[in-house]
Amino acid sequence: MKSEESFEPCYTEGSLPERFDSWITQVLENLIYTEVRSYKRRKMRLPEFSTENIDEIASYDPNKDEELKEILLGNTPLILKNSKLAAALPKISPRKQQVIEGTIVLGIPVKIVAETMGLSEHIVSNYKYLGLNELRAIMEGNEDE
Amino acid sequence: MSEKKDGTYHENMKEEVIRRACEGDSSALGEVVAHYQNYVIAVIITTAIRFGLDPDEVPVEDLAQIVWVKFITKRISQFKKLD
């Protein structure tokens, strides 16, 4: 006959593995609750999208009434729907145009644009910020500000 | 051993593995993940149903991965403080 000791459970209540088990299940449940909730929010925010919508957005219909403006920003030709933007872009200084061309139109990282232009990253970021502000002011009709 | 709701028992993790996992040992963390992975998946599915989501459309594996990353990077160290 086995001794009484051999029938004792491996872990008594309140031991480290017991405490870890109850702690981890609670923590995981909380994390899962947060993640599933944010997943639902993301899903609700995304609009229903079909391939037909993509075709409509991607294709340009020349018979439509919209008049497109073609301008040259630095060395990059741009076709813009917004006539105000097309008129405002050439009005800002060439340096700001170059920075906007590099960072926004071509999507090049600020660091690389700064190296190409021989300026520091900080100055390029400033030009970008000032250029966008100037564009906004011109488009809103507050050119003097 | 601890009793589950359905009356069955599951083995708890070994003390040494828990301690190593709290120290950030990757093999011990792997054991923790393997031990609780089924539990995580089950809770994700039941939580999704509670939120009115279709469990077949929920990316269970992706959510489980996010949960484990957050657990390992932010939470496991908290148990060390509680211990």
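Student: Where does Val60(B) sit?
Tutor: Val60(B) belongs to helix α3 of chain B. Please bear in mind throughout that this is a predicted model.

Student: Is Val60(B) buried, exposed or partly exposed?
Tutor: Val60(B) has 17 other C-beta atoms within 10 Å, and is therefore partly exposed. A buried residue would need 20 or more, and an exposed one 12 or fewer.

Student: Which residues does Val60(B) touch, leaving out those up to four places away in sequence?
Tutor: Its contacts are Ile41(B), Ile44(B) and Ile45(B).

Student: Turning to the contact between the chains, how many residues does each one give?
Tutor: Chain B contributes 25 residues and chain A contributes 22 residues.

Student: And which helices of chain B are involved?
Tutor: On the side of chain B that touches chain A, α1 (15-22), α2 (26-50) and α3 (60-82) each supply at least two residues. The largest share comes from α3(B), with 8 residues.

Student: What is the make-up of that side by class?
Tutor: The side of chain B that touches chain A consists of 17 nonpolar, 3 polar and 5 charged residues.

Student: How do the strands pair?
Tutor: Strand β1 (residues 69-73) of chain A and strand β2 (residues 76-80) of chain A are antiparallel, with 5 bridges. Within this pairing, Ile71(A) lies opposite Leu78(A) of β2(A), and Leu72(A) has Pro77(A) as its bridge partner in β2(A).

Student: What about the turn in that hairpin?
Tutor: There are 2 residues between the strands β1(A) and β2(A), and Gly74(A) in this hairpin adopts a positive phi near 65 degrees.

Student: How many residues of β2(A) are buried?
Tutor: The count is 0 among its 5 residues, and β2(A) is hardly covered. For chain A as a whole, buried residues account for 16% of the 145 residues.

Student: How do α5(A) and α6(A) cross?
Tutor: The axes of helix α5 (residues 110-117) of chain A and helix α6 (residues 121-139) of chain A come within 8 Å, at a crossing angle of roughly 105 degrees. The two helices, α5(A) and α6(A), are therefore roughly perpendicular.

Student: Which residues make that contact?
Tutor: From α5(A) they are Val110(A), Lys111(A), Val113(A), Ala114(A) and Met117(A), while α6(A) provides Glu121(A), Val124(A) and Ser125(A). Sorted by class, the contact of α5(A) with α6(A) has 5 nonpolar, 1 polar and 2 charged residues.

Student: How much of the contact in chain A is between residues 24 or more positions apart?
Tutor: Such pairs account for 46% of the chain A contacts that have a separation of 6 or more.

Student: Lastly, what does pLDDT say about chain A?
Tutor: The average for chain A is 78, and 74% of the residues score at least 70. Among the elements of chain A, helix α1 (residues 16-45) has the highest mean pLDDT (90), and helix α2 (residues 51-58) has the lowest (57).

Student: And where does pLDDT stay under 50?
Tutor: That applies to residues 1-10 of chain A, for which the model has 2 contacts beyond four places in sequence.

Terms used:
Residues numbered from 1 in each chain as written. Chains lettered and ligands numbered in written order. Predicted model: local features only at pLDDT ≥ 70, side-chain atom pairs only at ≥ 80, totals over all residues. Contact = placed C-beta atoms within 7 Å. Helix = DSSP H or I, 4+ residues; strand = E, 2+ residues; numbered from the N terminus. Nonpolar A, V, L, I, M, F, W, Y, C, P; charged D, E, K, R; others polar. pLDDT = per-residue confidence, 0-100. Axes fitted to C-alpha atoms, helices over the stretch in contact; angles between N-to-C directions. Parallel < 35°, antiparallel > 145°, perpendicular 65-115°, else oblique. Pairing = 2+ DSSP bridges.
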